[in-house]
Amino acid sequence: MISIPYILLIAFAGALLSFVIHHIAPKLRTPVALLTTVLLLYFVWALPANSLINIKIGDFILTWGTTAYGQLFGMLVAVLGFFTVLYSTDFMASKERLGYFYMNFLFVIGGMLGIVYSQDFISLFFFWEIMTWSSFMLVIYCCKDAQSIGLKYFVFSAIGAYSILIGIVLLYSSMGTLQFKNIFGHINEISTGIKISVIILMIIGFGVKSALMPLHVWAPDAYAVSPSPFTALFSGALSKMGIFGIGLVLFKLAAHTGFYSYVQYTLAWIGGITALLATFYAIAQTDAKKLLAYSSIGQLGYIIVGLAIGTPLSIAAALFLAILHAIFKSMLFMATGAVYMRTGTTNMTEVSGLIRKMPISFVTALFGIITVAGVPPLGGFAAKWMLYESLIQSGHYFLVIVIFAASTAAFLYLFRYIFSLFLGQEEKEWENVKEVPWTMQIPMILMTIFVLVIGVFPGLLLDPISSAMQYLNVKPFDYQMSVLFNNWGGKVDMQIVVRSIAAVFILLGIFITIKGYRNTRYVTTKDIHTSGEIPTENENLTYAVDFYKPFERSIAPLLKASIDKVYTLTGDIFEQAFDYLRYVYTGNGQTYAMYVVLFLAILLLFSELIFGIIL
Amino acid sequence: MIYFITSVVLILTGMYAVLVKKNLIKIVIGLSIIDSGVHLLMIAIGYVKNATAPIFSKPGLTADKMVDPVPQALVLTSIVIGLAVTAVALSLVIRLYDHHKTLDINKIRKLKW
Amino acid sequence: MSPVHFIAIPLFAAFLIPLVGKVSKNLVKLIPGIVFLYLSYVAITLFPIGIHKPIVEIIAGFKAPFGISLYYGPLAAFLTTMITLIGFVIWLYSYKFIIREPIEKYYMLFMMLITGSTGIVLTGDVFNLFVFLEITAIAAYSLTAFLRDKDGAEAAFKYLLIGSFSSTFVLLAIVLLYANVHTLNMADIATKISSVPLTTRIFILILFLMGLGIESEMFPLNGWAPDAYSQAPSPVGAVFGGIVVKASIYALMRLIYLMFEFQSVMHFLVIMGVITMLIAEMSAMRQQQIKRMLAFSSIGQMGLVIIAFGVGTEPSVRAALFQMFNHALIKSLLFFAAGYLVFHSGSKKISALDGLGHDKPITSFFFAFGALAIIGLPPFSGFWSKLYVLLSVANSGLFAAVALILFSSVVEAIYYLRVVSRLYFNTEVATDVRRTPVSGLVAMGILTLVILFVGFYPNLVLHWMTPAANELLNKAAYIKAGLFH
């Protein structure tokens, strides 16, 4: 009963049903969508470990099966899917076209589940494309501006998907099969040239989805413009599909080839640079969602670094971070979405001081950024620890510096994020803001608890990860439920860390309460010392304006030289060229007749050349 | 041989008219001339010197004394088709003239690119 | 039951319709429906027979190679069934869409078009092929100008001008062929063609390529196509894309595979296919009018089909046929949806479509569906055929063609999704109170279901594609069946 086809059937049937029901009984569509995700969650969770199914479609045999690796990502998708749909119930309540929204939302979830259970390249590509177009539909959901952004997203996705497809076609033409079991491990049966092309093309393809630089340009806009619940899923789960694919390509294809180390080295550096640059870009953003988007790109960079280094510890770190990033980035996007829902904006220079109005969202955001920053005791610490550890172990000292720089710089934008939205002065404008409804709080609270637990017991997550790594043919590594080891004998026991930190916090809390309780004074925007200059009415005095002006000035050339412009220019040139091309259709019937006669003349004159060779 | 040359000349003349003349009527005439050229060519292919029409009109007549009947049948069909096309073409020309008040093909090019 | 019904019944209906029109207009509308129902009955009875053993039907009692014969093999079975299906859906759509008088003429021409197309597919005689081509062409010229407007006449005249060239070339080729082999039966020609001098053969080939290349929209012979597609009434656009062009490309491929088997033709076809596809897709990019855009997209898809035919292996021919089938369905759906979108927005411009997704959700949904399907996204049928084309092209080592096909797919995605995202903007639009008629929706619904079903179960169609492809490739069997049935 519980098998993969049912999972996919539930997802897609639920999608169609919620679309249809929207037009029949609008009140039922959200429960239907929610029920679908609950069922999916249960089915994915209860899925037997060794289910395998073959379906003959056309000339191909599609194979779907569970692997530990797929199941890891499958669980992630199912959990996030449930949380985000739950979050949508109230967030989207006042929006239009909810049938359209939920249909595509569930299509995305179904597509992702299909990807993780695929055991051959045809079904992988099949579901990959379903995921792509349905997510495109959600990106363009919001508004007119979304049109060009969505198109950009789709073009990049299509280029990515088609490079995967060329890879698949190459594999098929040289191996005659597309089953994972016949390809993985047999990659050396084909010629080196094809091997290299396949691996490069596939990494490019999957790299687009995981926003690897320089293929990331679609990401910030697309993340910013899509509705918040979807952004959470987008950044949380959808981008992980790229990671999933890169993992497969690296460890199942490239690892067996002679040029593996080059692939690793290049990819690691691309990941490192992505992490660093994305962090810089993130610092300069004023829109909270864009900031988070760049932050996502940076985090994906870390994950890529971890995968590319290829030691057991680094892979574990990468997968750990991948799962964790899905959770904490969803938390952050949800908190931002909550702010957006109540204030109507995600611009950090407009919103401020919401901490007392929206405490749950604040706590979620706070835990989120603590996790991003990799500060103990939350999960991020364990991830970063393992990553640094593995980098140092394997001797990538320069990369450590790059990553460390990125990680440190991340504090800047994280601080800006939490400060401008939740801290700072309270503004009159947001006096009547309330906390979001419970349906939105629950996912945020649950995920907050999750990162906390994972922080204390990283082993909970490392269990499935180590079995996933077994599937990827990586040697196991040492870990205990809440203890992290390093290779020169040291170890970090998370429980001790947590206890000490808790103790410090409690002491600090008591201290502050005793010391400062009476002196607390709430300030407003106008409550400033202007040094003689009186600010005018329309001057935006929010603290977050020009938050990091000196820093932004120093990285200005970097910001200006964006690769995005190159792409836009290329696109424009192409389009202009296409536009000139269509002038061959002059509209004059005689010209067309002339083409015909000229073509005839050419064929006749060069007939020897064109048709002369007879085989 | 003279038939072949004539038919080729006719086809080329027709093509010249279609490609160069600007007047729609002349273009249609050109198309008809091309048709005639092709028809002549067809007849010429079936032609046998000193042979009669392919009808068993006299008792002693055998098949090898007749011209090939197939091209003639083809030509008949083809002429009918040509007529139909010309009729459609002329009716379109009338329609175009009604709308554009001109027969110059260069001025009738609203649909382009 | 005999395949001749496919030709005779529509032809009879075409003559009947004007007469009935004198009595009752409503009856006129029903006749094509009855014809198609009957034809589908014929198709269902003949299909299982024809797919195993070709039915060769002799007309007027003269045995092959002297008389005209019809050849109903797997390929013809597949194509006639496809034409019947598309024709039926087009009739259903036209039922409420064609409201402008004289409707009896519309249906008469439509029936003639069906006659011509099924004739092209079924005939085993080259001259007969020419006749059917001309029947199709004349009906098509007239249908293009059916709306009696300025642009329609212009488009029709251009179509006629280029179309006349096409018929001249085909006729010349047939004449030369006859002069050399003294037979018109296609199977007979195939046996005797090798005795013809090489230069003559190449000359004949070029003439056929030119003549049928015009009808099958090969670049640079396709100047007529965008105009004709965009100015004809929307269902006629579907007729062109779904039926006429498919019949023409069938004729071209049948002749090439049967008579001219040299490899260099195949290379030429691949190159021409690539050029056709690229130029069409690029031209479609910045079109202002939705139907013109669809027209260019059609040309591009034909380029894809030509490439796959040109590769000339069994899987690629199969893929080409599959792609033909899918394109016929999907492009009809797109033309149908576009027809009502144009009708509701009151303008042919793409820019007038903003926000129609809210006002006319179902029609817009069908358009979006068609757009996704034609780009080749799963789970729609277009995905499989494109994949098959790509795999078969790659198996012949033509990786450059694979890359170019995918490049043009990206371009295709851009211009289609531009329209789709326009439909789904969040803008307030003036509501058009007119509703899309049920018959139109049912027509689109049928196509949607078939597309989806084939998308999930491609074997349904692919299963029959293998014998069809083999028929096209296996010259000896055709000759044998055609001459000594």
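**Figure 1. Helices α3 and α13 of chain A, side by side in a predicted model.** In this predicted model, helix α3 (residues 68–91) of chain A packs against helix α13 (residues 312–343) of chain A, with an angle of about 5 degrees between them and their axes 11 Å apart. Because of that angle, α3(A) counts as roughly parallel to α13(A). From α3(A) come L76(A), L80(A), F83(A), Y87(A) and F91(A), and their partners in α13(A) are I323(A), A326(A), S330(A), M334(A), G337(A) and M341(A). Sorted by class, this contact of α3(A) with α13(A) holds nine nonpolar and two polar residues, and no charged ones.

**Figure 2. The hairpin of β1 and β2 in chain A.** Here you can follow strand β1 (residues 52–57) of chain A as it pairs with strand β2 (residues 60–65) of chain A, in the antiparallel sense and over six bridges. Look for L52(A), which has G65(A) of β2(A) opposite. Two residues lie between the strands of this hairpin, and G58(A) has a positive phi near 65 degrees.

**Figure 3. Where chain C touches chain A.** Chain C brings 52 residues to this contact and chain A brings 46 residues. On the chain C side, the helices that each supply at least two residues are α6 (150–181), α8 (198–215), α9 (224–231), α11 (263–284), α16 (381–395), α17 (399–423) and α19 (459–473). The most comes from α17(C), with 11 residues. The side of chain C that touches chain A is made up of 38 nonpolar, 10 polar and four charged residues.

**Figure 4. Where chain A touches chain B.** For this view, the contact consists of 11 residues from chain A and nine residues from chain B. On the side of chain A that touches chain B, five residues are nonpolar, five are polar and one is charged.

**Figure 5. Chain C and its fold.** Chain C contains 20 helices and two strands. Its radius of gyration is 21 Å, close to the 23 Å that the globule rule gives for 485 residues, so chain C is as compact as a globular protein of that length. Of the 485 residues in chain C, 69% are buried. Among contacts in chain C with a separation of 6 or more, 79% join residues 24 or more positions apart.

How values were computed:
Residues are numbered from 1 along each chain as its sequence is written. Chains are lettered from A and ligands numbered from 1 in the order in which they are written. This is a predicted model: local features need pLDDT of at least 70, side-chain atom pairs count only at pLDDT 80 or more; totals for chains, interfaces and linings use all residues. Two residues are in contact if their C-beta atoms, placed from the backbone, lie within 7 Å. Ala, Val, Leu, Ile, Met, Phe, Trp, Tyr, Cys and Pro count as nonpolar, Asp, Glu, Lys and Arg as charged, and the others, Gly among them, as polar. Axes are lines fitted to C-alpha atoms, for helices over the stretch in contact, and angles run from 0 to 180 degrees between N-to-C directions. Helices (H or I, at least four residues) and strands (E, at least two) are DSSP runs, numbered from the N terminus. Angles under 35 degrees count as roughly parallel, over 145 as roughly antiparallel, 65 to 115 as roughly perpendicular and the rest as oblique. The radius of gyration is taken over C-alpha atoms; the globule rule is 2.2 Å times the number of residues to the power 0.38. A residue is buried if 20 or more other C-beta atoms lie within 10 Å of its own, exposed if 12 or fewer, and partly exposed in between; C-beta atoms are placed from the backbone. Two strands pair if DSSP finds at least two bridges between them.
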